[in-house]
Amino acid sequence: MDPVTLDIGAMSRFAAKFSKGRPDTDDCWTWTGGKSSDGYGTFWDGERVVGSHRFAFAAMVGPIPEGMCVLHKCDNPPCVRPDHLFLGTHAVNMADKVAKGRANGLKGQDNPAAKLTDAEVLAIIELRREGATQAAVAVAFEIDQTVVSSILLGKRWSHLGVADPSLAGYAKGERVKGAKLNPDSVRQIHLMSENGAGPVAIGRVMGVSESAIRRVLKGECWSHVSRGDRS
Ligand SMILES: [Zn+2]
């Protein structure tokens, strides 16, 4: 399993790509961005394409130990609600999938030439638009990089009408590291805190000091930014 990279730019993009359920309910938080063929959200964290549920866990619960999977209590692959997610080993993950009737391989299709679903092609375009490198997308979807560029150029899957040749160049791979706080990141700090993350963990994620996080949470700075009202 790939590690997840957290930075403010990625956190802000992530926060805009799911819808919370009704307040004070146990509703799932549904990923609204691109999805893989098996329904898991796909997200560009700035370094690689990761499952959005994995990013959600890393951002709002805590680090994912190496080799561990993030599983859903709610059995809803696009859900990114932190308290619906839990850690399990690969073996637990497979047993969980069997128990829930989802024991198929990730792709579930035999024909390599047609192994991308329409949903995946849309996800690829979206990831690229957000800055994912062609190489990272190719790795994530287990396809050759030339397939990625042929999708972007509209040489394949052109019937979807989503080709964008301007995306066929190479990404600069810019990342926002150590950036100062902004309204999006402040909302993210409150969201993480509401979900149980401590100031030390939040500070590490956001690349600012623990004391800065404490000041934000106490309302000593950035108090003009309303908390957690995106949905
Ligand atoms: Zn859920």
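Predicted model: local features only at pLDDT ≥ 70, side-chain atom pairs only at ≥ 80, totals over all residues.
The protein has 231 residues, of which 35% count as buried. Its secondary structure consists of nine helices and six strands. When contacts between residues at least 6 apart in sequence are considered, 58% of them link residues at least 24 apart. The largest nonpolar core contains 56 residues. Within this core, the residues with the most contacts are V49, A59, I124, V137, I151 and M192. One of these, M192, touches A59, M60, A197, I202 and V205 when residues up to four places away in sequence are left out.

Two of the residues touched by M192, I202 and V205, belong to helix α8, which spans residues 199-206. The buried residues in α8 are I202, V205 and M206. Viewed along the axis of α8, its buried residues lie within an arc of 85°, so they line one face of the helix. The elements that cover these buried residues include α1 (8-15), α2 (52-60), α7 (183-194) and α9 (210-218). Of these, α7 packs with α8 at an angle of about 145°, and the two axes are 10 Å apart. The crossing of α7 past α8 is right-handed. On the α7 side the contact is formed by S185, I189, M192 and S193, and on the α8 side by I202, V205 and M206. Directly after α8, G207 adopts a positive phi of about 75°.

The crossing of α5 past α6 is right-handed. In this pair, Q134, A135, V137 and A138 of α5 meet Q145, V148 and S149 of α6. V137 is also among the core residues with the most contacts.

The loop between α5 and α6 contains E142. This residue is not a glycine, yet E142 has a positive phi of about 55°. E142 counts as exposed because 11 C-beta neighbours lie inside 10 Å.

Helix α6 covers residues 145-152 and includes L152. Its buried residues are V147, V148, S149, I151 and L152, and they pack against α4 (118-129) and α5. I151 is another of the core residues with the most contacts. L152 counts as buried because it has 23 C-beta neighbours inside 10 Å. Apart from neighbours within four places in sequence, L152 is in contact with R128, A163, D164, P165, L167 and A168. L152 and D164 are separated by 12 residues in sequence, while their C-alpha atoms are 5.2 Å apart in space.

Directly after α6, G154 adopts a positive phi of about 80°. The loop between α6 and α7 contains W157, which has a positive phi of about 55° although it is not a glycine. W157 is buried, with 21 other C-beta atoms within 10 Å. By contrast, E142 in the loop between α5 and α6 counts as exposed.

Methods
Residues numbered from 1 in each chain as written. Core = buried A, V, L, I, M, F, W, Y, C linked by C-beta atoms within 7 Å. Buried ≥ 20, exposed ≤ 12 C-beta atoms within 10 Å, placed from the backbone. Contact = placed C-beta atoms within 7 Å. Helix = DSSP H or I, 4+ residues; strand = E, 2+ residues; numbered from the N terminus. Arc of directions from axis to C-beta. Left-handed = near helix turned anticlockwise from the far one by under 90°. Axes fitted to C-alpha atoms, helices over the stretch in contact; angles between N-to-C directions.
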